[in-house]
Amino acid sequence: MTTKAFIFDLDGVIVDTAKYHFLAWQKIANELHIEFTHEHNELLKGVSRVRSLDIILELGQVTASQEDKDRWLLQKNEDYLSYVVDMDESEILPGVFRILQFLKENNQPIALGSASKNARPILEKTGLLPYFDAVVDGNDVTNAKPDPEVFLMAAKLLNISPENSIVFEDSVAGVQAANIGNMTSIGIGEASMLHEAKYIFKDFTEIDTAFIAALIQ
Ligand code: BG6
Ligand code: MG
């Protein structure tokens, strides 16, 4: 067996927080009378908070002062935090724990590579923090996905080359970031959205440990 770096996105991969981000943004969009659907929400996945607001304002062709934007960003995060405050291990997406355990049993280093500034508390609440050898999140990077910075930093912290790194991602921008970084991309979600990924699974229950074992051969 070789050693590979296994890098996980957080929102929509490990936990279903994508729905909470959606609800919090939808509330802002409603207040601004901007139509904001699940399809629009795909544009926001993997994207930073600041950029997400800009995308919503662009959708509604709304221009706003920095002061208003700062207020909405704060409001969005407060709403989002109110959804995640009571999170526990029951919100870990099906199959994720089994794969994390398999990787640990096989001494494979694991990292988080997320755009979120709320990543650490969520890993703590769900009890998953001890599984991660490195955590890189929105507080550590300057360039948002599809820039590969977040994943390159994670691989570096694990001392593994990008070519030997494997990324699990639910967002188009994240899959692109992994590909641009010369990493193996595994899309988690709809094949129609994530067709640029090297492998695609609907969720982690579809991932066999034999598949992971083959990656580390
Ligand atoms: C990403 C999510 O993981 O983090 C985005 O996919 C979110 O939807 C981004 O906007 C930033 O998260 P946060 O918690 O810093 O607002
Ligand atoms: Mg995600």
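The shell around ligand 1 is made up of three nonpolar, six polar and five charged residues. Here Ala, Val, Leu, Ile, Met, Phe, Trp, Tyr, Cys and Pro count as nonpolar, Asp, Glu, Lys and Arg as charged, and the others, Gly among them, as polar. This is a predicted model, in which local features need pLDDT of at least 70 and side-chain atom pairs count only at pLDDT 80 or more, while totals for chains, interfaces and linings use all residues. Residues are numbered from 1 along each chain as its sequence is written, ligands are numbered from 1 in the order in which they are written, and side-chain values use heavy atoms, without hydrogens and water.

**Surroundings of ligand 1**

- Ligand 1 is surrounded by 14 residues, counted when one of their heavy atoms lies within 4 Å of the ligand.
- Asp11, Arg49, Ser116, Lys117 and Asn118 are the closest of these residues.
- Domain 1 (5-16 + 90-216) and domain 2 (18-84) each supply at least three residues of the shell; the domain bounds come from an automatic or database domain assignment.

**Polar contacts of ligand 1** (pairs of N or O atoms within 3.5 Å)

- A polar side-chain atom of arginine 49 is 2.7 Å from an oxygen atom of ligand 1.
- In serine 116, a side-chain N or O atom also lies 2.7 Å from an oxygen atom of the ligand.
- Leucine 44 has a backbone N or O atom 3.5 Å from an oxygen atom of ligand 1.
- The protein buries 96% of the 390 Å² that ligand 1 exposes when taken alone (Shrake-Rupley method, 1.4 Å probe).

**Backbone features**

- The peptide bond from lysine 145 to proline 146 is cis, with omega near 15 degrees.
- Histidine 33, a residue other than glycine, has a positive phi, near 55 degrees.

Key. A polar contact is a pair of N or O atoms within 3.5 Å; within protein, one must be able to donate a hydrogen and the other to accept it, and residues adjacent in sequence count only if both atoms are side-chain atoms.
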